[in-house]
Amino acid sequence: MVISRNIINEIKSSNNIESVVKYYLPNIKIVGYNWKTKCPFHEDNTPSFVVNPEKGIFKCFGCGVSGDVIKFVMLINNISWIEALKILAEKVNIKIYSSSLETVYSTKNKLYNILKISTSFYNNCLLNNINQNNDSYEALKYLKSRCLNYDTIIKFRIGFAPKNLKLKSILLNAGYTVEDIINSGVFAKSKNGNFEYECMSGRLVFPIYDIYGRTIAFGGRVINNQQKPKYINTSDTLIYSKSSNIYGLYQSLPLNNNKEIIILEGYIDTIMLHQVGFSNAVAILGTAFTKIQAKLIARYTNIVILLFDSDIAGDLAKQRALEILIGMNIECKIVTLPKGSDPDEYIKINGKEKFKEFINNNSKTPITFMLDRIFYSNFFKKKEISAETKMRGVVRILHIIIKTTSYIVQAEWIKNISQYLDINEDIVWKEFYKIQNREMKYKKTYDKKNYYTKSINKSYSSNKTIHISLSLEESLINLLLNNKIYINKITSNFFSDERCKKVFELLSLNLSNTEILYYLNKKDANWFSNLILSPIKYINDNESFLIIVNDIKRNKLKTLLKQYKKKMISTDNKEIKKKLFKKYSELIISLKGFKKK
């Protein structure tokens, strides 16, 4: 299907790029005429992701990714162009539906719809006992024993999966095939492949949502501890990956500015925290904390509280998580509850205020947590720590400190190590530099593309010399982007650079900057984005245009002179050499004429 350019432009103009980006990256800030934040598409240590509202584009000066509002939604959600367009169209109530377009979405839409039907079914089974099933009463009784109220059950759409195949019948009657419901993760095939079974059967069901509020998977918990395993999650599907999603994030949004996120390990812990007012609680999904999850969280906050189990496995999980967070320069606090206690139980026994007080009084910085974990375990008392043990522990911690690019954090943590272990700070720094140099040796270095660098210090630039990586032809395109009245004064044949020639031809068709991006390949689109986001401020537009055009003409004459000189040297024919010399002399006169201008 071909969607008219008018519809595409209407969708883009109705979705301000800064508003869309801010929805996904709430920490983005206005800097001059642009908006700026850390890039969500690579491990960005300093803000290099720039949004230009006037041009309607974004650009990361770290990884090079660039584009318009549609491209941004594509990349941030890892979806196709057509899917991104649909999301933006729905956001502003512009209809682009057709049978051919729906075909593009059919597979994912089936899965979303199956999960939506299943969520309602499970929730009704729990609250309305539509199957007249005693297990539903037991499930509800269990939730009440965990002090979860009706409003909380509704907020998280908690449900119960009865031990029957009624849901399968509902889905088949709705027109879905057995293959569809298996692909959704709601059902699975038996090991021998002879029958299908419902994955959540006989369990409490916790729907897992994406940031748009769509059910993408389920988590299940037994209502009696005799059934094994105690917890299960939907297997990864076309629309769900447990390492890429976070439970409770949808319910936590929108977050207040600078509000931290509390990361937990369990569904009920997360739900209980929400119930008592900690609306910033989320949970990982039955797997180790991942970089993808950290990037997702980094869209909404720069401060994280890790509140995992207080056992050895929990400490190990905290250690792995904080290493990822440190590497992304996300401020991290670690809280360990009293042994044998979890957040849900602690709140029930001590209340919300005591829980809040405990977090405030017992949160550790990453460096304190690591030092305590390594040197204050059950195996050591401080006075018994040997020099060799200190060395091994310090080296382990320094390998992690290197991951942060903040010199202030590095300096503070190295100072903490020195004081904690009573080691001269200079010695710790020496070890740090030794490890840093060793790691640098193995770092890959990439050759950057060599651009022709021209120092612009003429009347067409500002008063200061500006060093920019632009050729003369690129400088001319840069000027034309903001001064289209000069387009009719030259033709595409004026350009030797094929990229500049193509952009000029597209500009001549009166296309906008974002429209031009669609006609360029990935490499050229990145180059063009750099031009758009690096405008040169001219003192006099008309004079600047004439100077750049003359400079290009002069360079062309110089190139021709070299060619004619080469031809004269290579020929022995006097007649030809005479004609070449005549032309050569004319070119020299023309070149002298340019120098007088």
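1. Lys29 has Lys36 of β2 as its bridge partner. Helices (H or I, at least four residues) and strands (E, at least two) are DSSP runs, numbered from the N terminus. β1 and β2 (residues 34-37) pair in the antiparallel sense over three bridges; two strands count as paired if DSSP finds at least two bridges between them.

2. A word on the source: this is a predicted model, where local features need pLDDT of at least 70 and side-chain atom pairs count only at pLDDT 80 or more, while totals for chains, interfaces and linings use all residues. Residues are numbered from 1 along each chain as its sequence is written, and side-chain values use heavy atoms, with hydrogens and water left out.

3. The open sheet runs β1-β2-β3-β4-β5, with antiparallel pairing. β1 (29-31) and β5 (66-68) are at the edges with a single partner strand each, so one side of each lacks a neighbour in the sheet.

4. Helix α2 (residues 17-24) lies across β2, β3 (49-52), β4 (57-60) and β5, at about 145 degrees to β3. Angles run from 0 to 180 degrees between N-to-C directions, using lines fitted to C-alpha atoms, for helices over the stretch in contact. Contact means heavy atoms within 4.5 Å.

5. Over in α12 (residues 291-298), Gln293, Ala294, Leu296 and Ile297 are buried (under 20% relative accessible area, with exposed over 50% and partly exposed in between; 1.4 Å probe, protein chains only). The buried residues of α12 pack against α10 (249-252), β12 (261-264), β14 (303-306) and α13 (312-327).
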